[in-house]
Amino acid sequence: MTRGSTVAQQPPIVKCLVWDLDNTLWQGTLLEDGRVTLPGPVRELIADLDRRGILQSVASKNDHDQAWKQLQALGVAEYFVLPRIGWGPKSDAVREIAAELNFALATIAFVDDQPAERAEVQFHLPEVRCYPAEELSGLAALPEFSPPTVTVDARRRRQMYQAGFQRKAAEAEFTGPSEDFLRSLALVMDIGRATEEQLSRVEELTLRTSQMNATGVHYSLADLRTLLADPRHEVLVTVLTDRFGPHGAVGLQLLEKHPRVWNLKLLATSCRVVSFGASSVILNWLVDEASRAGVHLVADFRRTERNRMMDIAYRFAGFTDEACDCRAGLPAPAHEDIQRLHLIPEPQAPSPTVKLNAVSLQCA
C-alpha cells in the first residue's frame, strides 16, 4: 500500500474513493477484451461504501461512452459521481473530482492496479491515499473507510450530491430572476419531531453549523434523548426536498414549553440552505405556532464572529431585546453570554418559495 507522505498515523475518514476501471473495478481490459466482468466482492464493496456515506468516482483511461455504457450494463453506474473517463493524467482527474466536490485532498483515496498510475497520482497529489487493486478485499475494514457514526443523511449522501449537481446545472441554464428559480424548485420543508434514527444527524447539526447557529451549544446524543423524553421539550428537525431530490435534514429547533412562554433554546440550520431563506421560514412557522397557542416566544442567542446572519434572521422575524416579565420564570441560559430575545407573536406568512409541512405544537 502506498500513501502520501503528509498522511498522519490516524488519517481522516475517506470522503470519496476514486476507482480505476480496467482490472481494478472490473476484470479485463475493455478496449482489448470487449467483455469484462464485475466480481461479486467488488459489487458488495461498492454498495457497502455507499451505505457508509463514502462517495465514489472514476478516473480511468478509456473511451468515455463505451466505459460508461459498460458501467450501466453492470448495474453500478448510479454509484459514481463526477466520473472522469478519458486519456489525460489521472492526477488531473482526481484533482478535478476533489475540487468539484469541495473536498480536501487528504479525504480522497485512489485505487488502481497499475503501480505507475498510483505513483503518478501520488507524485502530483501526495495527500491522496493510493491503494493497489489487490488490496480491495480488505479496504472496508480499514479505519479510514469506517466512519464512527453513519447518520441517516450520510446513507443517502450520494443521492443528495447527485441532486445538487442537477440543481446547479439547472440554475446555470436558468435565465430569469433568482426568486423565480427558487419557485421552480418546488421546495417542500417538513418540520417534525425528531426520531431516534435522526438523532445522530441532529447532534451533528449542533456541532458542525456555525454561521446559522443561534448559540453554538453542543447537545450530545444523551442530551437529546433526555430532551425527547421530556414532555416540556420539543426536538424538531427540518427536512428539505425539491424536484431534484433531497437536501436532507437541514435544521434543528430545540423548544422548551412553559404555560406563558416558549423558549427557543437552539435554532441551527445548514449553510447549504441559506440562499433558500430556511431560517426565516422556520422562525415564521414558530411565531405562528406560538400565536396559535397564545404564548410569548423567547429565543436564546449568543453572538459570535460567524453567526451574524442568524442575528439578522431573528431581527427580521421581529425579535427584540425589549424587557418582558414573561422571561422571569425561565431557567437560566446554558451560558452566561447568551441573551434572550423576545417576541409577542403575530401570525406570519411563509415564504412564497417554500411549501411547508409541519407538526402542530400545543402549549404545555
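In which sense do strand β8 and strand β9 pair, parallel or antiparallel, and over how many bridges?

Modeller: Strand β8 (residues 245-257) and strand β9 (residues 261-269) are antiparallel and share 7 bridges. One of the facing pairs is Gln253 with Leu267, the latter in β9. Two caveats on the basis: this is a predicted model, where local features need pLDDT of at least 70 and side-chain atom pairs pLDDT 80 or more, while totals for chains, interfaces and linings use all residues. Numbering starts from 1 along each chain as its sequence is written, and side-chain values rest on heavy atoms, without hydrogens or water. Strands (E, at least two residues) and helices (H or I, at least four) are DSSP runs numbered from the N terminus; two strands pair if DSSP finds at least two bridges between them.

Now the surrounding sheet. β8 and β9 belong to an open sheet of 7 strands, ordered β11-β10-β9-β8-β7-β6-β12, and its pairing is mixed. β11 (339-343) and β12 (354-358) are the edge strands, each pairing on one side only. From one strand to the next, the twist averages 25 degrees. Helix α9 packs on this sheet, where α9 touches β7 (233-242) and β8. The direction of α9 makes about 105 degrees with that of β7. Angles run from 0 to 180 degrees between N-to-C directions, with axes fitted to C-alpha atoms, for helices over the stretch in contact. Helix α11 (residues 308-316) also packs on the sheet, touching β9, β10 (296-301) and β11. Its direction makes about 165 degrees with that of β10.

α9 has a helical partner too. The axes of α8 (residues 199-208) and α9 (residues 221-229) come within 9 Å and cross at roughly 115 degrees. From α8, Leu199, Ser200, Val202 and Glu203 take part in the contact (heavy atoms within 4.5 Å) with Leu221, Leu224, Arg225 and Leu228 of α9. By class, that contact holds 5 nonpolar, 1 polar and 2 charged residues. Nonpolar covers Ala, Val, Leu, Ile, Met, Phe, Trp, Tyr, Cys and Pro; charged covers Asp, Glu, Lys and Arg; the others, Gly among them, are polar.

Compare another helix pair. α4 (residues 90-101) and α5 (residues 115-124) pack at about 55 degrees, with axes 8 Å apart. They are therefore oblique to each other (under 35 degrees is roughly parallel, over 145 roughly antiparallel, 65 to 115 roughly perpendicular, the rest oblique). This crossing is right-handed. Lys90, Ser91 and Arg95 in α4 meet Glu117, Glu120, Val121 and His124 in α5. Here the classes are 1 nonpolar, 2 polar and 4 charged.

There is a further sheet. Its 5 strands run β3-β2-β1-β4-β5, open and with parallel pairing. β3 (84-86) and β5 (129-132) each have a single partner strand, so one side of each is left without a neighbour in the sheet. Neighbouring strands are turned by 20 degrees on average, direction ignored. Within this sheet, 4 bridges join β1 (residues 16-19) to β2 (residues 55-61). Val18 stands opposite Ser57 in β2.

How values were computed. Left-handed = near helix turned anticlockwise from the far one by under 90°.
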